[in-house]
Amino acid sequence: MTSTDAREVRPFRIEVPQGELDELRRRLRATRFFDGGPDTWDIGTPTGYLRELVTYWAERFDWAAAERGLNEMPQFTTELDDFRLHFVHARGTGPAPLPLLFTHGWPGSFWEVHKILGPLTDPAAHGGDPADAFDVIAPSLPGYGFSSHPNRPGVHPRAIAGLFDRLMTEVLGYERYVAQGGDWGAMVTSTLGRENSGAVAAIHLNMFVPTVRVQSDNPSEEERQYLAQQGKWRSQESGYAQLQGTKPNTLAHALVDSPAGLAGWIVEKFRTWSDCGGDVESVHSKDELLTNIMLYWLGGTIGTSVRLYQEQRADMRENPITEDDGPVTTPMAFAAFPKEISVAPEEVVSRHYNLQHYSRFERGGHFAALEQPEALVADIREAFRPYR
């Protein structure tokens, strides 16, 4: 690793003014709840649960404790192009830590890394081999968390991949690194693998992203089940993506103004996409849910975060996958968690990527780093050992 110009990187701490917290509490206490429908998750976040969550947020949630926990992660900002990029940068403890870029998705945040940060950076302190140590870099996507948004078109996952590569190589000085991601993080990481600058040694995904226009003429039973799963999700669960991908600003006006509305929009995804058996708090406590939601409320970033869906659609119209696109050639590892939005079988993944490592797990869903941190850490260690 080369030296870094200290002027480019500034330490960052979260310090929310008390007045902003008081205003949030006022808004929560003034919530006008919707009481006109069946109180069931089948048609969206039920009023009963949302009322309970909002009451807890207003009266019992300890933001000061959450803020202290967030600030235990070493955070920084840097200026790239026309906006500020926020990121966690935790140095590894071991003989030769491997740089690892961890990219989150929606409706997650950089906070998703907090359960895996210690085991990845200091494996010996968590019962592992110090030779498996990583330097972990976990940025906030542009328009998310404490990263600003440039307020111009073209900030799509492909552009973000280039930005994050510059963060790793130009700003932090790494000549070689590996990358991991799910959700938008999987798309950014996949793009890093395809448009490899020469610095990306290997990638690891926990959500499948198609990269070529290929389909088997004689799909196996497992692949047919996967395609049926995708079709069911599109018909029953993709409404949020249609709205965020077409009219994100209309939604933004409601969610940036109402903390209760914001909570209802986000918590439904954590319940639907997690391996929780219908009880979201069996996997994510109220404090965990609200810590993540606060990162969207503070600064009003829900509006800029959902715009990423529209940006991706616009980019795909201009740069669609064509018959000329081949599979991603950078070595790739895939972690298949059973309650992911759709679980791609090994035969499908291998047609799109240079697949070197495929793992299936018995438990876990979309938010792998939060739901199954030990399993994800073990898989990341194993997958990246050949590239040290």
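Author: Let us begin with helix H6, where nine of the eleven residues are buried, so that this helix is largely enclosed by the rest of the structure. A residue is called buried when its relative accessible area is under 20%, exposed when that area is over 50%, and partly exposed in between, as found with a 1.4 Å probe and protein chains only. The buried residues of H6 are Trp184, Gly185, Ala186, Val188, Thr189, Ser190, Thr191, Leu192 and Gly193. Helices here are DSSP runs of H or I with at least four residues, strands are runs of E with at least two, and both are numbered from the N terminus.

Before going on, please keep in mind that this is a predicted model, in which local features need pLDDT of at least 70 and side-chain atom pairs count only at pLDDT 80 or more, while totals for chains, interfaces and linings use all residues. Residues are numbered from 1 along each chain as its sequence is written, and side-chain values use heavy atoms, with hydrogens and water left out.

Asp183 lies in the loop between strand S6 (177–181) and helix H6 (184–194), and Asp183 is buried, with a relative accessible area of 10%. The phi of Asp183 is near 55°, a positive value in a residue other than glycine. Most residues other than glycine have a negative phi, and most peptide bonds are trans. Asp81 also has a positive phi, of about 55°, although it is not a glycine; Asp81 lies in the loop between strand S2 (75–80) and strand S3 (83–90). Asp81 is exposed, however, with a relative accessible area of 56%.

Leaving aside neighbours within four places in sequence, Asp165 is in contact (heavy atoms within 4.5 Å) with Glu170, Tyr177, Leu192, Ser197, Ala199 and Val200. Asp165 and Ser197 are 32 residues apart in sequence, and their C-alpha atoms are 7.8 Å apart in space.

Of the 388 residues, 55% count as buried, and among contacts between residues at least 6 apart in sequence, 78% join residues at least 24 apart.

Finally, a word on confidence, which pLDDT expresses for each residue on a scale from 0 to 100. The protein averages a pLDDT of 95, and 98% of the residues score at least 70, whereas pLDDT stays under 50 over residues 1–6. Where pLDDT is low, the predicted coordinates should not be read in detail.

How values were computed
pLDDT is the predictor's confidence in each residue, from 0 to 100.
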